[in-house]
Amino acid sequence: MDIFLQQVLNGLVLGSVYALVALGYTMVYGILGLINFAHGEVVMIGAMVALTVMNAMAGMGTALPPQIVLAAAVVTAIGVCMALSFSIERVAYRPLRRAPRLAPLITAIGVSILLQNLAMLIWGRQYHTFPRIVSATPHNIGGASITDLQIIIIAVCAAIMTGLLLLVHYTRLGRAMRATAENPTVAGLMGVNINRIISATFVIGAAMGAVAGVLVAANYSIAHYSMGFTLGLKAFTAAVLGGIGNLGGAMLGGLLLGLIESIGAGYVGDLTGGFLGSHYQDVFAFLVLVLVLVLRPTGLLGERVAERA
Amino acid sequence: MKTWVASLVGLRRDRRALWVGYALVAFVLAVLPFAIDNSIGRTWVRVLDFALLYALLALGLNIVVGFAGLLDLGYVAFYAVGAYTWALLASPQLGLHLPFWVILPLGAGVAALFGVLLGAPTLRLRGDYLAIVTLGFGEIIRIFLNNLDHPVNITNGPIGINRIDPIQIAGIDLTRNHEFFGIAFSGAHFHYYVFLMLALASMFVCIRLEDSRIGRAWIAIREDEVAAQSMGINTRNVKLLAFAMGATFGGIAGGLFSSFQGFVSPESFILLESIMVLCMVVLGGMGHVSGVVLGALLLATLPEVLRHTASPVQQQLFGKVILDPESLRMLLFGLALILVMLLRPSGLWPSPTRRREFADTKEQR
Amino acid sequence: MSATQAALLQAHGIDKRFGGVVALSDVSLTIRQGEIYGLIGPNGAGKTTLFNVLTGLYRPDAGSFMFNGRDLIGLKPFRVAEQGIARTFQNIRLFANMSALENVMVGRHSRTRAGALAAILRSYRTMNEEQAIRRRSGELLEYVGVGRHAHALAKNLPYGDQRRLEIARALATEPRLLALDEPAAGMNATETAGLRKLLDRIRADGITILLIEHDVKLVMGLCDRVAVLDYGRKIAEGAPPEVQSDPAVIRAYLGGTLP
């Protein structure tokens, strides 16, 4: 029972981050019908930029409290990622809005490759240590341990997701986003500036992704140029699991996927008599994806994709 | 350029000229390995051999993506299946040493089987979902290959399988050097001819498929699946056929790869390989048999070219190497994909109809 | 147009719901061999939905339909086509980047056999079949009047010719019943008259026609019998003059009594 609770807690931490990143994918897919492959790399760049800022500030020998340093790093990361995502949409995706389906998909893959390798050039191939800002002393809850950092991760993700829901349902921008996601042509006729809304969608997703990147790097104390890819893929799986285009679905899907992965990795050895070990963890995400798409393609909460004119 | 093409077209009408042209091409292809060997070196013959393998892969993926319009991002899985089938049946790993004319069809068959297994539940998904699922499948295959070394050692895990038997024809080991009629053939030369024959045969098969009842069915499905169904096409089976044929090509290429290299490991079958082959198809000219072969030859030789030029050039210009060839190659890939899709989506050498298809879309923007 | 002609298609009690919306409710109709049967009604009445049920695109929630003595409920669209029902689409669904000739050749798919192996080997029989396909497709293009566009891309054809091409493609499947979804939509008077001549010719050649249309003149002049749908229900059926003067029909189109 101990291990189960531990796995659940781990799963919640993992799942919160998945949910945050999944929202970025699901919002873009809901409006454009495009899998933004580059999103995972944007998350990674958020982590790397934050790392650079923190190292730079430490290097300058300032006596600022670590929380300020972290805040500065996160704000910079958010800014960079927003600008990056905005540019990607403008340069690589916008010209292809009317092209056959295959074209933006291939371009997205190209952007992903480009970003990953640029990151490798800028930050090198090595694994960077992410500074420990928050204490790592574990608290004991019913036999399982959870650190301050992990609690913060869950709390931050929850706060951001709540903020997003409030934005989408109670603001003018949110209303415009929902209208565009429903039917871009009609929304345009009603006076919504479609291009601006689409840019906003990308930018908001990127901001959340940047925070997610920092959280992941802090959790594992590692930042690396390849960390975005698998994370992105799994987050997309989570979005599909919950119902693509559906915000609540992305959150639910993220949490579920985190739990499935965590519990699965913990128990798969026992379940298969030692045949499969926990290094099959990644396979779980893919298996979930395949199963969901084959058995219930609209996801748990139903999909919401725009009617393309 | 246009007049040169026009004169070639004029040549087509003169049947004798056509045959002379064919003979010329055949002669060039026959002596090519020797020309390269004696000018730029043996390594480049090996590079050419690998390029021909990639041409096989590109032709296979072209059936799936180019003809039938199904985006497969995990094509490398079939390559891996073919490669490991050969490795398991012709190496010390399981102690089996079956001859090549048994293993190659077997590898193709196993790959085709995997194609059907993967395709059956997934081909009804819409385009982007199919892409992700196939991507996942490719990764799953790689992870299994990487981990099936315990509790029972089947694939030897990340270390891979080596000492794989080479192709042996009439007792002649094709990876060794032999002399015939006073001419020295190296392993690379032998494999060049084998791969070339297969590549030409594959092109022949693809060209015939394209202009046939099945080929039309594939293109119809690509254009409008609902209409195709309503016109009596069993879309599920026809799509499965495309998948299975693509997988077969991949499986054959995989087996050849195993025997040529003498060694396989999961490292050779990463996602990047799938994307590379997709690049070859897209950049070369999606759906155009000659175009994808061109794409394959270009992209397969590019890394080697970069390796030999990028570092020295950078040394000259900057005094040190900023971008190592590997990163440079990947950067260029990413950039190339984006630029081609934005500027010339029909590819470098598109079939005439495809160029019109993309051109009209551009006008609509 | 005699009442003793054999029934080709008999649909009985067809229901179709989408979530909470009732698209079709207890729709029954009988189409006789050799007639031209019209399906009319206000927009949203369920005409195309019924088409989609009859051609296998939708599975009905209840009801049955027999075609040529066979039960076709639940069959996939390609099987329905094999059985002898071919259709055109309201929004024209041609294979845009194939030539007109190739579009019609695709229509021959279910009546021909060459598979992948045959395509590669190109035996004598396969080549004969290909030639026959090409020849027949050319004939059909001439038959509908777009022979001069045989090698043009379908998407580049003028609108009226695209509609005719779609009919040619459907005819290539050797149907017993040709189901046309608004074939005259967007056509001017001359084009419509030409279409009418074509449909008469098709009927004379032994093919039964089921037709959704809004063009009243065309329907009245062409159809032997007409069924009227409104809000998913059949509210009238019979020869055009009867249906035209049926009060229920008038109410449906004009929306209730005036104050």
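Which helix of chain C has the lowest mean pLDDT among the elements of chain C, and which the highest? I looked this up before anything else. Helix H10 (residues 247-254) of chain C has the lowest, at 80, and helix H3 (residues 100-107) of chain C has the highest, at 96. Here pLDDT is the predictor's confidence in each residue, from 0 to 100. Helices (H or I, at least four residues) and strands (E, at least two) are DSSP runs, numbered from the N terminus.

**Ground rules.** I am reading a predicted model, in which local features need pLDDT of at least 70, side-chain atom pairs count only at pLDDT 80 or more, and totals for chains, interfaces and linings use all residues. Residues are numbered from 1 along each chain as its sequence is written, while chains are lettered from A and ligands numbered from 1 in the order in which they are written.

**Confidence.** I noted ipTM 0.91 and pTM 0.87 for the model. Chain C averages a pLDDT of 90, and 96% of its residues score at least 70.

**Chain contacts.** I counted two residues as in contact if their C-beta atoms, placed from the backbone, lie within 7 Å. Two pairs of chains are in contact, and chains A and B share the most contacts. Chain A and chain C have no contact; their closest C-alpha atoms lie 12 Å apart.

**Strand E3 of chain C.** Next I checked burial. A residue is buried if 20 or more other C-beta atoms lie within 10 Å of its own, exposed if 12 or fewer, and partly exposed in between, with C-beta atoms placed from the backbone. Five of the five residues of E3(C) (residues 36-40) are buried, so the strand is largely enclosed by the rest of the structure. Ile36(C), Gly38(C) and Ile40(C) point one way, and Tyr37(C) and Leu39(C) the other.

I then looked for its partners. Strands pair if DSSP finds at least two bridges between them. E3(C) runs parallel to E8(C) (residues 208-212), with four bridges. Tyr37(C) has Leu210(C) as its bridge partner there. E3(C) is also parallel to E9(C) (residues 225-230), again over four bridges. In E9(C), Ala227(C) stands opposite Leu39(C).

**Chain B.** I found 14 helices and eight strands. Of its 365 residues, 52% are buried. Its C-alpha atoms fill a box of roughly 55 × 55 × 50 Å, taken along the principal axes.

I finished on helix H11(B) (residues 271-285). Gly287(B) follows H11(B), with a positive phi near 90°.
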